[in-house]
Amino acid sequence: MAVNCDSLEQVREKIDGLDRQIISLIAERGAYVSQAARFKKDSDAVRAPQRVEQVIAKVRALASELGANPNVTEEVYRAMIAAFIEQELAEHLALS
Ligand SMILES: C=C(O[C@@H]1C=C(C(=O)O)C=C[C@H]1O)C(=O)O
């Protein structure tokens, strides 16, 4: 839960701290995305558009539950997943 800040400096300190946590989680998520490449036969399987839509529906619901903006959450996730698909495609190519 966000605290009420007394200055812009404090706001930015909070954001900087959260960015560190978010990036650590992106690193962990990315490691699992890379592992997924080992279990897929081709680039269509890497892209897995049905799974992408499942993730988007799930994170929109989670956003509503946890007090985040569902539209912002969806945009962030679509951009993140698009980048992870490129990462996974490169992993998949390297394995073949
Ligand atoms: C990690 C996977 O591969 C890709 C990446 C996804 C993601 O970042 O959530 C979801 C589906 C795929 O586009 C997967 O199929 O689960």
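The ligand is surrounded by V33, A36, R47, A48, R51, V52, V55, I81, F84, I85 and E88, where a residue counts as near a molecule if its C-beta atom, placed from the backbone, lies within 6 Å of it. Two or more residues of this shell come from each of α1 (8-36), α3 (49-66) and α4 (70-95), helices being DSSP runs of H or I, at least four residues, numbered from the N terminus. The largest share, 4 residues, is given by α4.

Please keep in mind that this is a predicted model, in which local features need pLDDT of at least 70 and side-chain atom pairs count only at pLDDT 80 or more, while totals for chains, interfaces and linings use all residues. Residues are numbered from 1 along each chain as its sequence is written.

By class, the shell holds 8 nonpolar, no polar and 3 charged residues, with Ala, Val, Leu, Ile, Met, Phe, Trp, Tyr, Cys and Pro taken as nonpolar, Asp, Glu, Lys and Arg as charged, and the others, Gly among them, as polar.

Now to the helix pair: how do α1 and α4 pack? Their axes, lines fitted to C-alpha atoms over the stretch in contact, are 8 Å apart and at an angle of about 45 degrees. The contact is made by G30, V33, S34 and A36 of α1 and by F84, Q87, E88 and E91 of α4, contact meaning C-beta atoms, placed from the backbone, within 7 Å. These residues divide into 3 nonpolar, 3 polar and 2 charged.

Notes:
Axes are lines fitted to C-alpha atoms, for helices over the stretch in contact, and angles run from 0 to 180 degrees between N-to-C directions. Two residues are in contact if their C-beta atoms, placed from the backbone, lie within 7 Å.
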